[in-house]
Amino acid sequence: MNFTPLILFASLLLPLHASAEEHQNSNANGGDTIVFTTLGRSRYEFDVFALSTTRPPSISGEIRITDGESVNFNGYFPSPSPALISLLPDATLIQPGDSSPLHLIYVTERNGTSSIYYDLLHGGDPDSKSKRRSMLEATSRVQIPLLSNADHRSGNTVNSFKDKPSLSGEFLVYVSTHENSGEPRTSWTAVYSTELRTGLTRRLTPSGIADFSPALSPSGNLTAVASYGERGWTGEVEELSTDIYVFSTRNGTRRVKVVEHGGWPCWVDESTLYFHRRSDDGWISVFRAILPQSGSLSTESVNIQRVTPPGVHAFTPATSPNNHNFIAVATRRPGSDYRHVELFDLRRSEFTELTRLVAPESHHLNPFLSPDGSRVGYHSCRGQANGRRSPLLFLENIQTTTSDLSLFRIDGSFPSFSPAGDRIAYVRMPGVYVVKPDGSGRREVYDGMAFSTAWDPVRPGRVYTSSGPTFATERTEVDIISIDVDAVDKSSSVRRLTTNGKNNAFPWPSPDGKLIVFRSGRSGHKNLYLMDAEKGETGGLWKLTEGAWTDTMCSWSPDGEWIAFASDRESPGSGSYELFLIHPNGTGLRKLIQSGTGGRTNHPIFSPDSKSIVFTSDYAGISAEPISNPHHYQPYGDIFTVKLDGSNLRRLTHNSYEDGTPAWAPRFINPSDVVLRKKNDSSCAFEDCHWLNKNPPLKGQKISC
């Protein structure tokens, strides 16, 4: 399949952030603030590390390469090239015959959104007697963002870089999600190349198709990707059912599918690549694909061999050019709760453990090898190396494309703002908390399991929430409660407003404070009801929707005209949710967002002027292979806004995480990080993908280590 790619300059790509002056003007003239949750993200604290592959692993032998700022991951050791050298402020930093400089390209989330950086460090020679525990001790360090305008000095960068960046001579190859696919639930993820000297950017992925995890052959002439091709994502949340495609790195042409079912490709030579997939016996294993050196290229002409044995999950393989001796892999072994990096000897079919011997109770993700195979890199929790710890952010500012929007990630779930915007309520599951937007005055106001929060618009200090288990059946007891967050006596601050013992959740008061809309399973199905805000259901109860489906996650517009909610009424029980609007008197029902077949569009919240809605959705599909990230219940989902007439759909977040439960603040908050506290403990407390805990039965197979 041939494809003529679109050529554009980097300056024409979507700009990531506005200037400080624009932010000040926006703050003076008014603007919007949206806050949302990303599952687990505030606890990642990743840095890129490296170990020697030729010496026994040890704590003293591990070096931390990246600088401890934000989250740094998915590294790549490039061979020095004229293009990289030209970016240096002083070319004399590279001396002929100097073996100590370490070149690293990686993804970083500083400034709130992922971008690609190039670091040049001295003191990285693994055999040097003066080797340092951390590259932060190096006397010479250069750090350059690789994707900016053509002159690399303007500061305007394109948004959303992730996955596996690679370098081929003058060209950086990477993944971006800045181009709208134009179809609901169709991934925006595509592979691009940018000429580092000029900023000239070319899309290598055909229009309407999503590519993941690009890998360059040793010559740089070929790129391999994991892709659905024209088939598209079908909604899986574990291992993706992608295939491996190969195309010309120069322009994306000569695109051919070479492997059915595979992900995370990497090349060892121009005709041999490795990839992972779930085997027929249930174990995720690494395979080798040998491409023909002459004749036609297709899935029929490619020879595929299984490399790693059953008994251990082995995935995200890494190779170095023409190294047929070993590969690096991430593993999950039975009986271990942690993901580790190991080497696999291709000749002896044996594993050599690395990171477990250095940090046994820490996850190590996505290994990559230096060109000579002497060093393996990966990302892991930075711990307390050199005393450098990132503070725990209560609100992390996410840079946006417009100056009138302040966007934050919150360390909590289901945030909501008080009517004056001077306090935020949120949940930690368990516990409901209240805090000021500057992070001060944080208090727990309810210690039980709860989800969703909403402030009463006329009764100062009253917060409504759902008390009980999440994702429960219609017959599970979940109740609407009100909390007086300013009560002196905490024991009398909570009032239960529903009493029927069924699943009552997602309360939202009317703007006059008289009624509450909520969802209830009292009829055997989850539908919407209205009740008296002061007396609860004993003061009056009215059914708003009725049917053998689920209506849920409701909110009331500030002008009182509309109630927005998510519903699977078009495909009951399927797990597919669309957004709907209805008047409080039950009239005017209409669908606002079509999320696509099997899609999930949830958590609608109105803007203060009642003209727009913010929500979370898989409208933009999936953005990366889930196995390359920590655990997310749904490894997709971004924050969007849309007008009430369905126009002006805007995607606000671009990452491969699970973003959700947004809130729209009644006032503009300055776009700066808010620190909750300094970290004195190891806060890297995320979980690995839950589905890697599944260990298929073994039939007498012994795994050599």
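Predicted model: local features only at pLDDT ≥ 70, side-chain atom pairs only at ≥ 80, totals over all residues.

Me: How many helices and strands does the protein chain have?

Reply: Helices (H or I, at least four residues) and strands (E, at least two) are DSSP runs, numbered from the N terminus. In the protein chain there are two helices and 50 strands.

Me: What percentage of the residues count as buried?

Reply: Buried means under 20% relative accessible area, exposed over 50%, and partly exposed in between, with a 1.4 Å probe and protein chains only. The protein chain has 705 residues, and 61% of them count as buried.

Me: Which strand shows burial along its length?

Reply: Strand 37, residues 504-509, is one such case: six of its six residues are buried, so this strand is largely enclosed by the rest of the structure.

Me: How does strand 37 pair with strand 38, parallel or antiparallel?

Reply: Two strands pair if DSSP finds at least two bridges between them. Strand 37 and strand 38 (residues 515-520) are paired in the antiparallel sense, over four bridges. Opposite Pro-509 stands Ile-516 of strand 38. The two strands form a hairpin with five residues between them, and Gly-513 in the turn has a positive phi of about 75°.

Me: Which residues other than glycine have a positive phi?

Reply: Ser-213, with phi near 50°, and Phe-471, with phi of about 50°, are among them. Ser-213 belongs to strand 13 (residues 211-216), whereas Phe-471 is in the loop between strand 34 (462-467) and strand 35 (479-484).

Me: Is each of these two buried or exposed?

Reply: Ser-213 counts as buried because its relative accessibility is 0%. Phe-471 counts as exposed because its relative accessibility is 88%.

Me: What surrounds Trp-233?

Reply: Contact means heavy atoms within 4.5 Å. Not counting residues up to four places away in sequence, Trp-233 touches Arg-185, Tyr-228, Leu-240, Asp-618, Gly-621, Ile-622 and Tyr-636. Trp-233 and Ile-622 are 389 residues apart in sequence, yet 7.6 Å apart in space, C-alpha to C-alpha. Trp-233 lies in the loop between strand 14 (222-227) and strand 15 (243-248) and is buried, at a relative accessible area of 10%.

Me: Which side chain makes a polar contact with Glu-353?

Reply: A polar contact is a pair of N or O atoms within 3.5 Å; within protein, one must be able to donate a hydrogen and the other to accept it, and residues adjacent in sequence count only if both atoms are side-chain atoms. The side chains of Glu-353 and Arg-356 are joined by such a contact of 2.6 Å. Glu-353 lies in strand 24 (residues 350-353) and is buried, with a relative accessible area of 18%.

Conventions:
Residues numbered from 1 in each chain as written. Heavy atoms only, no water.
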